[in-house]
Amino acid sequence: MDRLFANAGFTPSGTDRNAAIAEFGSVTNTNDIAARARALRDIAENPILISQEFNRAFVLMEYFGYLRREPNDLLDPGYAGYDFWLTKLNQFNGDFQKAEMVKAFISSPEYRQRFGP
């Protein structure tokens, strides 16, 4: 279970960890495929993971939707801009309006040069 949580990129609360382990009941190994699926689903449906993945996907969508490019294109090698916007979105707890993300993307010189005045 610890490896699954580590791969998901967050540290579970004791309750979350125990709930995932409890999916195996009295089974002493991981051969029970249904229990493995339930445990994986517990992790996949964790609100922390959902928030993290939503924010990552939202920032990526900003690049694809507004700038129509990859976040590590020649204009922005190494994901520096992507990391900046992801950090900013996380600082505002996923509130893209307060983070002024859309406003920043459509008023950026890159967007204006490519798509309009």
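Predicted model: local features only at pLDDT ≥ 70, side-chain atom pairs only at ≥ 80, totals over all residues.
Colleague: Which residue meets Asp 2 in a salt bridge?
Modeller: The partner is Arg 17, and the N to O distance is 2.7 Å.

Colleague: What does Arg 41 form with Glu 45?
Modeller: The two residues form a salt bridge, in which the closest N and O atoms are 2.7 Å apart. Arg 41 counts as exposed at 54% relative accessibility, whereas Glu 45 is partly exposed at 44%.

Colleague: Turning to Glu 110, where is this residue found?
Modeller: Glu 110 is found in helix H7. Its side chain meets that of Arg 69 in a salt bridge, with 2.5 Å from N to O. This pair links distant parts of the chain, 41 residues apart: helix H7 spans residues 109-115, while Arg 69 sits in the loop between helix H4 (47-67) and helix H5 (80-91).

Colleague: Which residues are joined with Glu 110 into one network?
Modeller: Arg 69 and Arg 114 are joined with Glu 110 through salt bridges that share partners.

Colleague: And why does Glu 110 count as buried?
Modeller: Glu 110 has a relative accessible area of 18%, and buried means under 20%, so Glu 110 falls in that class. Arg 69 is buried as well.

Colleague: What is Glu 110 in contact with, leaving aside neighbours within four places in sequence?
Modeller: Glu 110 is in contact with Leu 67, Arg 69 and Leu 75.

Colleague: Changing topic, how many residues has the largest nonpolar core?
Modeller: That core has eleven residues, among them Phe 58, Val 59, Leu 67, Trp 85 and Phe 105. H4, H5 and helix H6 (101-106) each supply at least two of its residues.

Colleague: What does Val 59 touch, not counting residues up to four places away in sequence?
Modeller: Val 59 touches Tyr 82, Trp 85, Leu 86, Leu 89 and Met 101.

Colleague: Which residues does the second core include?
Modeller: The second core is separate and has six residues, including Ala 8, Ala 20, Ile 43 and Leu 49.

How values were computed:
Residues numbered from 1 in each chain as written. Heavy atoms only, no water. Salt bridge = Lys/Arg side-chain N within 4 Å of Asp/Glu carboxyl O. Buried < 20%, exposed > 50% of the residue type's maximum accessible area, 1.4 Å probe, protein only. Helix = DSSP H or I, 4+ residues; strand = E, 2+ residues; numbered from the N terminus. Contact = heavy atoms within 4.5 Å. Core = buried A, V, L, I, M, F, W, Y, C linked by side-chain atoms within 4.5 Å.
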